[in-house]
Amino acid sequence: MKTKQSLFVLNALALTIVGANAQQQKPNIIYIMSDDHAVQAISAYGHPVGKVAPTPNIDRIANDGILFNGSYCGNSISGPSRAAVITGKHSHANGFKENNGVQFNSKQITLPKILQQNGYATAMIGKWHLGSKPTGFDHWMMLNDQGEYYNPQFITPNDTTVHKGYATDLITDYSIDWIEQQRNAEKPFFIMVHHKAPHRSWLPAPRHYYTFENTEFPIPETLFDDYSTRTRAAQEQMMTIDKHMFLGYDLKLADTVGSKNWINDGIAPNFSNMTPDEKIAYQAAYQRTNDEFNKNKPTGKELVKWKYQRYMRDYCATIAAVDDNIGRLLDYLEKAGLDENTVVIYSSDQGFYLGEHGWYDKRFMYEESMRMPLMMKFPKSIKPRQQTNALVQNIDYAPTILDFCGIEKPKEMHGVSFKQVAENGKPKTWRKSLYYRYYEYRKWIHYVMPHIGVKQERYKLIAFHSPENEVYWELYDLKKDPQEINNIFGKKGTAKITANLKSEMKSLAEMYNDTLPECVAKQL
Ligand code: SGN
Ligand code: CA
């Protein structure tokens with residue numbers, strides 16, 4: 001017969017075992033984020049660019065799980081988007097509204113802190129770019145500021161050192177190394193793998209110098225957009241391929257036939273942290289096509305087309321290295337038997353213009369920049385080859401990850417979990433509108449007027465507002481005009497739609513506790 005005491009010990013033991021199993025069963029989370037990777041350049045999305053520059057390894061995540069067609073950010077620029085991801089809150093609430101000269105307030109609740117407190121081993125490797133030191137991580141190594149492609153500096157809690165190699169490869173090496181060797185293997189893990197690529201000025205790895213040399217990228221229909229229906233806001237920006245993409249810095253063009261002397265037409269050419277030998281090899285890789293350019297000297301529209309092709313070749317070549325490395329990470333997970341119980345997410349900090357409307361960069365609430373790539377896989381509960389049009393936003397990532405980990409989200413998070421969407425499809429009650437607000441103005445070479453907007457599946461309303469309190473309204477019907485070239489604000493037959501969207505703007509601002517600028521609020 002068992003004594004009372006031994007029964008107690010047995011019960012306690014059973015509880016410990018159940019506890020340990022539950023802990024072990026908690027999923028691992030790998031959150032991969034690249035920088036400025038547009039959906040157009042991911043083959044899983046089926047865009048013509050993805051067809052000529054496929055990303056088979058990134059696509060593996062979508063094929064094994066779910067692809068989000070309706071994923072958007074709330075403020076299309078790096079730091080603000082990253083801050084929204086880790087806090088689950090829009091910019092006005094997490095305080096990180098602009099990219100430049102701001103420091104993230106690390107005192108607030110963040111996703112990594114919550115996971116760490118709930119027994120997760122946590123790490124962040126790569127671009128952080130929040131002007132602060134990462135918190136909530138057992139282990140972190142961050143690129144210095146925007147980071148370099150070649151031989152980048154990594155900052156750790158202990159030092160700042162140059163690491164020999166190509167950033168995308170190094171970030172993956174260090175991530176795999178942490179998962180394999182360094183983390184506390186008793187705990188489930190959460191790692192943020194943050195690439196620099198494909199951020200400007202698009203410097204490919206040596207193995208990809210020639211990957212797209214002979215690829216003709218499809219010219220976007222709106223490469224020569226005249227912005228005729230847009231308000232003043234879109235006309236004063238400075239991010240056109242034509243007027244504002246530097247021949248040396250961005251496009252690596254030499255001054256004459258046979259010359260290795262890259263043009264300095266505004267900003268000095270960027271050789272990242274290349275060694276002298278790497279620099280010679282890099283310059284040599286462009287020699288043939290630079291000579292060809294200098295023999296033909298295209299001008300006018302032909303020059304814009306040439307710039308577009310060179311831009312796309314380099315941009316996609318930096319993505320090719322991201323793709324190689326994602327393949328390497330996924331292979332490692334399979335080999336280590338970790339793939340079944342690991343949620344893998346791929347995203348970028350925002351979208352990007354690949355020549356649409358003649359632009360590069362982001363910031364605007366128009367589709368190409370507001371839209372974010374998003375895909376995730378988790379073999380335990382997400383079926384393969386799913387797609388959804390549900391409207392999701394970067395503020396939802398933290399609540400979703402917490403939901404997968406069985407942890408309740410803090411009340412202050414604005415986002416909602418899309419775990420159900422991923423597992424069972426979009427519920428009937430799913431949100432119908434997204435809130436957007438962009439702040440940064442005239443702080444850097446790109447001028448995009450601050451704006452506030454509401455995006456629904458069919459319509460989008462935007463209020464640009466100037467420092468002089470002028471308001472410029474734009475309204476688009478995405479069904480009839482997916483390229484947003486026809487601003488129908490104030491046009492016949494749009495009064496009701498506009499009124500609905502204005503009232504939605506007001507209620508979203510209220511729901512998120514945001515204060516609208518007086519000049520906009522007055523017109524709602
Ligand atoms: C740099 C780039 C800009 C880019 C910002 C923000 N210029 O300043 O083109 O818009 O980063 O990018 S560069 O001359 O430094 O390349 S973000 O990814 O941080 O949002
Ligand atoms: Ca970015």
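The loop between β8 (189-194) and α8 (232-235) contains P198, and the peptide bond that leads from A197 into P198 is cis, with omega near -5°. Helices (H or I, at least four residues) and strands (E, at least two) are taken here as DSSP runs numbered from the N terminus. The structure is a predicted model, in which local features need pLDDT of at least 70 and side-chain atom pairs count only at pLDDT 80 or more, whereas totals for chains, interfaces and linings use all residues. Residues are numbered from 1 along each chain as its sequence is written, chains are lettered from A and ligands numbered from 1 in the order in which they are written, and side-chain values use heavy atoms, with hydrogens and water left out.

The loop between β8 and α8 also holds S201, and the peptide bond from R200 to S201 is cis, with omega near 10°. Y227 is likewise placed in the loop between β8 and α8; although Y227 is not a glycine, its phi is positive, at about 55°. The relative accessible area of Y227 is 14%, and the residue is therefore classed as buried, a term that denotes under 20% relative accessible area, with exposed denoting over 50% and partly exposed the range in between (1.4 Å probe, protein chains only).

A positive phi is also found at N469, a residue other than glycine, where the value is near 65°. N469 lies in the loop between β15 (459-465) and β16 (471-477), and with a relative accessible area of 53% N469 is exposed.
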